[in-house]
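Visitor: Hi! Could you walk me through this one? I'd like to start with the charged contacts.
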Amino acid sequence: MSAPTPLFHWLTLAALADWLIGRTLTRAAIHMPKTPFLITVYESFNLIGQFAATLAALLALAGLLWIVWREIQARRVGLPMLLAGLAALSLAFIVVAPSGGPALAYQVAGLAAVILIMGRARQADAGLRLSLLVPAAAMLMSAAYQALPALFEALRWSNPPPLADVCFYLGEFFVVLSPVALWMAAGRPASRRVWLATSLPALFFAIMYLASPSMAGVMAIWSTGLTLYLPWPLYAVSV
């Protein structure tokens, strides 16, 4: 299946801009004293971050529809039906807030789609299978974590959903493990300069965590949604 390269390149750039500008820089600057000039810069960054987030969402939806089209061309039924349902619900949720049954249907469809994709990975070689299954497991835990409250809301149960915290922490574990799995599957020899450049973010994280664990935790939650409940060296290795 040949991929629409420009679509995924722009999706990658938009997602990175959303993360770095919209979810990291602007949130880190919330409590920083600002001159009128810095306020203008801050507001500009907010607008850029919102634009990047919107663009990333639209490109992700386009990518989803492309997968549906290619699956239909390959005469497959199950996965394209699930993905088409996810796309339809995503569009509906633009004007209607997801809650109750529709929200539960969305999360269940997401769970089923991830399970089907994980089943496809059995046909790949060991390295590629590892690089696919670990991120898929993170997505599976994320969908399960969001499906449990939707189930309780749809059934009008008032108690907190059980196992939600377990799904969250397992999801974070698989998120941290995903870059390691990708490196094991696709890593190749690199120069010392590349090793140095790629080690700098991990070194920055380690220094920040050792200097101020609470601030590092706040920034991690704001930037990536991670709680840093695992030993900090694992996050440094992941970076």
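Guide: Happy to: a salt bridge here is a side-chain nitrogen of Lys or Arg within 4 Å of a carboxyl oxygen of Asp or Glu. This is a predicted model, where local features need pLDDT of at least 70, side-chain atom pairs count only at pLDDT 80 or more, and totals for chains, interfaces and linings use all residues. Residues are numbered from 1 along each chain as its sequence is written, and side-chain values use heavy atoms, with hydrogens and water left out.

Visitor: How many salt bridges does a search of the whole structure find?
Guide: The search finds 1. Asp18 pairs with Arg23, and their closest N and O atoms are 3.1 Å apart.

Visitor: Is Asp18 buried or exposed?
Guide: Asp18 is buried, at 11% relative accessibility. Buried means under 20% relative accessible area, exposed over 50%, and partly exposed in between (1.4 Å probe, protein chains only).

Visitor: New topic: where is Ser178 found?
Guide: Ser178 is in helix 6, residues 164–186. Helices (H or I, at least four residues) are DSSP runs, numbered from the N terminus.

Visitor: And why does Ser178 count as buried?
Guide: Because its relative accessibility is 13%.

Visitor: What does the side chain of Ser178 reach?
Guide: The backbone oxygen of Phe174, at 2.7 Å.

Visitor: Which residues does Ser178 touch, not counting those up to four places away in sequence?
Guide: Val134 and Pro135, where contact means heavy atoms within 4.5 Å.

Visitor: Last one: where does Ile39 lie?
Guide: Ile39 lies in helix 2, residues 36–73, and is partly exposed at 38%.

Terms used: Helices (H or I, at least four residues) and strands (E, at least two) are DSSP runs, numbered from the N terminus. A polar contact is a pair of N or O atoms within 3.5 Å; within protein, one must be able to donate a hydrogen and the other to accept it, and residues adjacent in sequence count only if both atoms are side-chain atoms.
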